[in-house]
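I open this notebook to record what I looked up in one structure. The entries follow the order in which I consulted it.

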Amino acid sequence: MKKIYQEILQAKAENRKLLAILLDPDKIEMDNLSVLVERIIQSPATHIFIGGSIVETNKINEQINFLKEKVTIPIVLFPGNPSQISIFADGILFLSLLSGRNPDYLIEHHVNAVSLLKNTSLEIISTGYILIESGSETAVERISKTKPLDRNNVEYVCQTAKAGEYLGNKLIYLEAGSGAKLAVPLEMIKAVSQEISIPLIVGGGIRSQKAIQNAFDAGADLVVIGTAFENDLNFFTHD
């Protein structure tokens, strides 16, 4: 049953906030995966996202299968390209980089992924992906060869998000980038959340539980935490 997106919609309708922990397959050590899983189980996470701009490991299937044996929350692919697709995940964010004009990330990778996806049971969730300037060059910017949108031009970001909704995207994802110096501005989150009717994901540069709550309060329906948890597995036990 296709249910990940329906659960996100229901949570939005109930104003119930969601939290995803983003795992970079290249940074997962199989010997320490049990500890990682234990911390995820103890956390308030509702989803696990797995993927990255560059993934070199060939153990992503093994990693996902281990996770699925231990956790009950959905495991959703967050792929930088079709090589990161695993049939063992529960779903995939089918990301179109709306902030850039590189055709590979707008449609080409998606075309190349079809032959893989149509033979899987993955729930495919079309997602408008919008990179926001964050004070430094991020991996997404470097790999996609696109520039992020101006963090001060809230109106243009709102227009981009709304265009993504008009195109039929089911989610909009505002992304500052992995390890970003600056998170997506709260006023931007608020404006975009008021502009669109579909769920809003926000990630990048979020380093504290207060910052997570601030993003929720501004209008994010789902917040993604990656680097901060990766660097401190006790992130959610701190005050």
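**Entry 1: the annotated site**

I began with aspartate 24, which touches Gly51, Ile54 and Glu230, not counting residues up to four places away in sequence. Contact here means heavy atoms within 4.5 Å. The model is predicted: local features need pLDDT of at least 70, side-chain atom pairs count only at pLDDT 80 or more, and totals for chains, interfaces and linings use all residues. Residues are numbered from 1 along each chain as its sequence is written, and side-chain values use heavy atoms, with hydrogens and water left out.

I placed aspartate 24 in the loop between S1 and helix H2 (33–42). Helices (H or I, at least four residues) and strands (E, at least two) are DSSP runs, numbered from the N terminus. Aspartate 24 has a relative accessible area of 19% and is therefore buried; buried means under 20%, exposed over 50%, and partly exposed in between (1.4 Å probe, protein chains only).

I then consulted UniProt, where an unreviewed entry places the feature "binding site" at Asp24 and Ser53. These two span 30 residues in sequence, yet no two of their C-alpha atoms are more than 9.1 Å apart, so they gather at one spot. Both Asp24 and Ser53 belong to the lining of the largest pocket. UniProt positions are given in the numbering used here, feature names are shortened, and annotations may be inferred rather than shown by experiment. A pocket is an open set of points on a 1 Å grid over the protein atoms alone, where a 1.4 Å probe fits, with protein on both sides within 12 Å along at least five of seven lines; lining residues have an atom within 4 Å of a point.

**Entry 2: serine 53**

I found serine 53 in the loop between strand S2 (47–50) and helix H3 (60–70). Beyond its neighbours within four places in sequence, its contacts include Gly80, Asn81 and Ala139. A polar atom of the serine 53 side chain lies 3.5 Å from the backbone nitrogen of valine 140. A polar contact is a pair of N or O atoms within 3.5 Å; within protein, one must be able to donate a hydrogen and the other to accept it, and residues adjacent in sequence count only if both atoms are side-chain atoms.

**Entry 3: the loop between S4 and H4**

Which residues does asparagine 102 touch, not counting residues up to four places away in sequence? I noted Ser144, Lys145 and Thr146. Asparagine 102 sits in the loop between strand S4 (91–97) and helix H4 (103–117), and its relative accessible area of 18% makes it buried. Its side chain reaches the backbone nitrogen of aspartate 104 at 3.0 Å.

Serine 99 lies in the loop between S4 and H4 and is buried at 8% relative accessibility. A polar atom of its side chain lies 3.0 Å from the backbone nitrogen of leucine 131.

**Entry 4: positive phi values**

Most residues other than glycine have a negative phi. Asparagine 15 is exposed at 57% relative accessibility. Lysine 145 has a positive phi of about 55° and lies in the loop between helix H5 (139–144) and helix H6 (154–166). With a relative accessible area of 72%, lysine 145 is exposed.
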